[in-house]
Amino acid sequence: MRIRLVTNNPHKLAEVSQILAPYGIEVERLGAEKVEVQHDDVAEIAKKAAENLCVRYGDYVVVEDTGLYIEALGGFPGPYADYVYRTIGLSGVLKLLEGVANRRAVFRCAAALCLGGRVEVFLGEVRGTIAQVPRGTGGFGYDPIFEPEGLGRTYAELGDDVKNKISHRAQAFSKLATWLTTTASKRA
Ligand code: IMP
C-alpha cells in the first residue's frame, strides 16, 4: 500500500515514511498546492485542504498539518507555527517566554486521508514544555525547544528513532495506518 503525502518538507516525509514502514505502507511525496483555511484547529485546516485535493488527486492522498500551542501565549503560534518559525524563529519564541514560569505547550498533528470520496482525519497530540534554550541536534523546526512531558529531553535530543515512536505525528499516522490496513483488508 502507498499513500501520497502533500508536503514540501523533507523532514516530514522522512518521519512519516519511518512511522508507516512497520505497517507496510510506503510514502510518496505529492507536490500539490494546499489551500489553507484560517482556523485555530489543525484538524479543520487539514480536512479542508484534503477535501480540495481529493477531487483532483483521488484516493490515498494525505494532507498533514501541525500546530504548536503555547499555554502562556494563549495558544500562540498554534496553526501559525510555520510563519512564526520563518519570521521570529526559535530565539523569538524564547524571547516571548523570557521570565515566564508556565512553559506548558502542546504539539497537535492532524493527518487527513482521502479514500472512497471521503476524508478521514486522524489526530495526535503531545503535551510538554518549552525549554529555556535550544538543545539537541536531531529533528527539525521547534524540536530543539520542545520537551515532551516526563522525558526531560527535547525532541531534538531524543533523536529520530524515539521521536518517531512517541511524537504527535507518530500518533496521528499510527492511527491512520491502523484504520487504513483494517479498512483495506475489509474491502479486499
Ligand atoms: P506545518 O504543519 O508544515 O505548517 O508546520 C508548522 C511549523 O511547525 C513549521 O515551521 C514546522 O517546522 C514546525 N513543525 C511541524 N512539525 C514539527 C515537529 O514535528 N517538530 C518541530 N517542529 C515542527
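Predicted model: local features only at pLDDT ≥ 70, side-chain atom pairs only at ≥ 80, totals over all residues.
## Basis

Local features need pLDDT of at least 70, and side-chain atom pairs count only at pLDDT 80 or more, while totals for chains, interfaces and linings use all residues. Residues are numbered from 1 along each chain as its sequence is written, and side-chain values use heavy atoms, with hydrogens and water left out.

## Cysteines

The whole structure holds one disulfide (a pair of cysteine sulfur atoms within 2.5 Å). C54 is joined to C114, with an S to S distance of 1.9 Å. The torsion about this S-S bond is about -85 degrees, so the disulfide is left-handed. C54 sits in helix α2 (residues 42–57) and C114 in strand β5 (residues 104–115), so the bond ties together parts 60 residues apart in sequence. Helices (H or I, at least four residues) and strands (E, at least two) are DSSP runs, numbered from the N terminus.

Both C54 and C114 are buried. Buried means under 20% relative accessible area, exposed over 50%, and partly exposed in between (1.4 Å probe, protein chains only). C109 is in no disulfide; its nearest cysteine sulfur, that of C114, is 15 Å away. C109 has 1% relative accessibility and therefore counts as buried.

## Largest pocket

The largest pocket has a volume of about 850 Å³. Its lining comprises 35 residues. K12, K34, E36, D65 and D82 lie nearest the centre. A pocket is an open set of points on a 1 Å grid over the protein atoms alone, where a 1.4 Å probe fits, with protein on both sides within 12 Å along at least five of seven lines; lining residues have an atom within 4 Å of a point. Grid points are joined across faces, edges and corners, and the volume is the space filled by probe spheres set on them.

Four elements, α1 (10–20), β3 (61–70), α3 (81–87) and α6 (168–187), each supply at least two lining residues. The largest share, five residues, comes from α3. By class, the lining has 13 nonpolar, eleven polar and eleven charged residues. Ala, Val, Leu, Ile, Met, Phe, Trp, Tyr, Cys and Pro count as nonpolar; Asp, Glu, Lys and Arg as charged; the others, Gly among them, as polar.

Helix α4 spans residues 89–96. Its buried residues are G89, L90, G92, V93 and L94. They pack against β3, α3 and β6 (118–130).

K163 lies in helix α5 (residues 155–166). This lysine is buried, at 1% relative accessible area. Beyond neighbours within four places in sequence, K163 is in contact (heavy atoms within 4.5 Å) with E15, F140, D143, Y155, H168, R169 and A170.
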